[in-house]
Amino acid sequence: RDERLLADRIARGLAGAEERARTIGPALEDAMARDGGYTDLLLLRDQIGGVRTAVAENMAATLGLRMGFNALDGD
């Protein structure tokens, strides 16, 4: 049950980030020029960060994987 909830959380997070990215569009300069564009980019960053956290902290443990330094250094 917990694994299904985690999978759903990750899938919803990715779908939400994908939808937000589509509304922002491919040109970051255009997004930054729009009212609220910077906020949209910050929200997208936060959505992606939430998914990354769910994967790093929850999914990896569920699968018995350890996250190494290179996975967590931000590159």
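View 1. Asp40 is partly exposed, at 21% relative accessible area (partly exposed lies between buried, under 20%, and exposed, over 50%, with a 1.4 Å probe and protein chains only). Arg20 is partly exposed too, with a value of 24%. The two form a salt bridge, their closest N and O atoms 3.8 Å apart (a salt bridge is a side-chain nitrogen of Lys or Arg within 4 Å of a carboxyl oxygen of Asp or Glu). This pair ties together distant parts of the chain, with Arg20 in helix H1 and Asp40 in helix H3, 20 residues apart. Helices here are DSSP runs (H or I, at least four residues), numbered from the N terminus.

A quick note on what you're looking at: this is a predicted model, where local features need pLDDT of at least 70, side-chain atom pairs count only at pLDDT 80 or more, and totals for chains, interfaces and linings use all residues. Residues are numbered from 1 along each chain as its sequence is written, and side-chain values use heavy atoms, leaving out hydrogens and water.

**View 2. Salt bridges along helix H1.** The salt-bridge count comes to 6. One of them joins Arg4 to Asp8, with the closest N and O atoms 3.0 Å apart. Because these two sit 4 residues apart in helix H1, about one helical turn separates them. Arg4 is exposed at 55%, while Asp8 is partly exposed at 29%. Another pairs Glu19 with Arg22, at 3.9 Å between the closest N and O atoms.

**View 3. The largest nonpolar core.** Five residues build it: Ala17, Ile24, Ala31, Leu41 and Leu44. Such a core is a set of buried Ala, Val, Leu, Ile, Met, Phe, Trp, Tyr and Cys residues joined through side-chain atoms within 4.5 Å. Helix H1 (2-24) and helix H3 (37-63) each give two or more residues to this core. Leaving aside residues up to four places away in sequence, Ala17 touches Leu44, Gln47 and Ile48 (contact means heavy atoms within 4.5 Å).

**View 4. A nonpolar patch on the surface.** Met59, Leu63 and Leu65 form this patch, together showing about 290 Å² of accessible area (Shrake-Rupley method, 1.4 Å probe, only the protein chains shown counting as cover for residues). Patch residues have over 30% relative accessible area and no salt bridge, with like charges joined within 9 Å and nonpolar side chains (Val, Leu, Ile, Met, Phe, Trp, Tyr) within 5 Å. Met59 belongs to helix H3 and is partly exposed at 33%.
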